[in-house]
Amino acid sequence: MSDSQRDPIPCRVALHDASVEEIRKLRASRPFPPDDRGDVYRQAPAGLTRGTPVCLFSFRRFFPIIFWKGWRRLGMGVCEGGIRVEGIETCEHCGVPTYITREHIWHPCGFIVQRRDPRHILIFFESENLDFLLREVEGILGIPIQRIVIDTRRRAAKAYMDRVIPEALKEQVRSGILGVGPVVQGMVGIGHVLGYGRFEVLEPRQDSDDQDRLLVRVHRPYSILLGCADPVAAFEALVGKEMGLSYQETGPQTYDIRAFPSHHPEEFKGRLTMRKYAYPEGDIRLESCSRCGAPLLLGDYRWLLDEGLIQHRETGRRMVFFAPSVLEAIFDELEREVGEDITRAVVEAQRRLTAEGLHSIRGENPEEELRAMLALRGFGGLRELTWGPDGVILAMENACLPQVVAGLTQGLYESAEGVGSRVDWQTGEGGSLRVEVTAG
Ligand SMILES: [Zn+2]
């Protein structure tokens, strides 16, 4: 039976503060029972047909449950007591949310591939890297890059949201049948599984007088520069209008993000070039969980879904799933704006981060260790590693973010050998990469 047949439609749309148990009971009885709770339930708008996206939400708790064709794949669920995402199941064995394993493949080529669109890949990355990397790049270039970073992220996220949000859902929001706030909350709620921090939509407003506004509070964002654009992009895609955005620190690791009516500067209206990845079949096999199929190494991390955090169980190091195509687009935009090759700056920034102890290779077999480390993070397929006191040669069959891998290799070498070094790298056909680190 398909999802759309299982979910009775038309149905009740809004559940005011119903408990998880109540929602479960409601969902078990088909069709939904008569409206016997006074103002507790609101009648579904007329004209909903099977497969129409519907948003169920609890007003008081302010967390939506988005139902549409395939909604289970988005992993949205009911919520109880704040922002606990109850509908997101985790594997009993390894603790990884099933959303992660259902939506992604740790491909034998060393990439993390989206099942729905295999040309899109993700990296699983130390999140401190993102802001530090951008800040270091800014320091090395000596010019402010915030505007370019935020705008590139917003445009990339908007293009993605435009594609994944069903037209019918946009229509319901634009016609006022559905409140935009809960739907935006549902969109950014997916980020809780990806490690983006806790997002709460505080003030949505959607009118026909061009005064649409949004206020979102985020606690412990994975990167404020990249993260502030996510809810605004979702809002823009839903209301179909251009928005300006600003953010302000309002507490410890807490920011208020505002979207307001504004036209985008002409200079940023060009098409973003988002790389589509091609890759070989590959033969990297990461040991996987017998229950859910996730790489066993992911069991080293815990998901704090209430907080939107993914942390290493021992070191507490925070991780995030992120699209490398967005970082590559940012690097391209920076290059266009700054008018010089920023690759060197990215390599140097990553070298510094790694050498400061972000990663290290400790085991007897550095090649195996590095191969697994790169493949778990989705950086690509390590073919060869020659490691000696005088330097390192690393060859990959396919690599995303080659500048980052080059800086990582150099940093690993420097922290292991305690010496300075030079690095050279070359990319070749099919995304291949060769990095040479030499002592001195
Ligand atoms: Zn598992």
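These are my notebook entries on a predicted model of a protein chain.

**Entry 1: Ground rules**

I number residues from 1 along each chain as its sequence is written. Since the model is predicted, local features need pLDDT of at least 70, side-chain atom pairs count only at pLDDT 80 or more, and totals for chains, interfaces and linings use all residues.

**Entry 2: The chain as a whole**

I looked up the elements and found 15 helices and 18 strands in the protein chain. Helices (H or I, at least four residues) and strands (E, at least two) are DSSP runs, numbered from the N terminus. I then looked up burial: 45% of the 440 residues count as buried. A residue is buried if 20 or more other C-beta atoms lie within 10 Å of its own, exposed if 12 or fewer, and partly exposed in between, with C-beta atoms placed from the backbone. For contacts, I noted that 64% of those between residues at least 6 apart in sequence join residues at least 24 apart. Two residues are in contact if their C-beta atoms, placed from the backbone, lie within 7 Å.

**Entry 3: The open sheet**

In what order do the strands of the open sheet of six strands stand? I read the order as E5-E6-E7-E14-E13-E12, with antiparallel pairing. Two strands pair if DSSP finds at least two bridges between them. Strand E5 (104-106) and strand E12 (301-304) stand at the edges with a single partner strand each, so one side of each has no neighbour in the sheet. The twist averages 35 degrees from one strand to the next. Axes here are lines fitted to C-alpha atoms, for helices over the stretch in contact, and angles run from 0 to 180 degrees between N-to-C directions.

**Entry 4: Strand E14**

I followed E14 (residues 318-322) next. On one side, E14 pairs with strand E7 (residues 121-126) in the antiparallel sense over four bridges, and Glu126 of that pairing stands opposite Met319. E14 also pairs with strand E13 (residues 309-312), again antiparallel, over two bridges; here Gln311 has Arg318 as its bridge partner. The hairpin of E13 and E14 has five residues between the strands, and Gly316 takes a positive phi near 75 degrees.

Is E14 mostly covered or uncovered? I found it mostly covered, with five of its five residues buried. In a regular strand the side chains alternate between the two faces of the sheet. In E14, Arg318, Val320 and Phe322 point one way, while Met319 and Phe321 point the other way.

I looked up the partners of strand E18 (residues 433-439). Strand E16 (residues 391-399) pairs with E18 in the antiparallel sense over six bridges, and Leu394 has Val435 as its bridge partner. Strand E17 (residues 421-427) runs antiparallel to E18 and is joined to it by seven bridges; Arg422 stands opposite Thr438. E17 and E18 form a hairpin with five residues between them, and Gly430 in the turn has a positive phi of about 65 degrees.

**Entry 5: Cys400**

I located Cys400 in the loop between E16 and helix H15 (402-417). Cys400 is buried, because 27 other C-beta atoms lie within 10 Å. Leaving aside neighbours within four places in sequence, Cys400 is in contact with Phe111, Ile121, Ile123, Tyr277, Pro324, Phe379 and Gly380. The C-alpha atoms of Cys400 and Gly431 are 7.3 Å apart, although the two are 31 residues apart in sequence.

I examined helix H8 (residues 180-189) and helix H11 (residues 229-239), whose axes come within 9 Å and cross at roughly 130 degrees. That angle makes H8 oblique to H11; angles under 35 degrees count as roughly parallel, over 145 as roughly antiparallel, 65 to 115 as roughly perpendicular and the rest as oblique. H8 contributes Val180, Val183, Val184, Met187 and Val188 to the contact, and H11 contributes Asp230, Pro231, Ala234, Phe235, Leu238 and Val239. By class, the contact has ten nonpolar, no polar and one charged residues. Ala, Val, Leu, Ile, Met, Phe, Trp, Tyr, Cys and Pro count as nonpolar, Asp, Glu, Lys and Arg as charged, and the others, Gly among them, as polar.

**Entry 6: Pro366**

I found Pro366 in helix H14 (residues 366-376). Pro366 is partly exposed, because 17 other C-beta atoms lie within 10 Å. Not counting residues up to four places away in sequence, Pro366 touches Ile361, Leu385 and Trp387.
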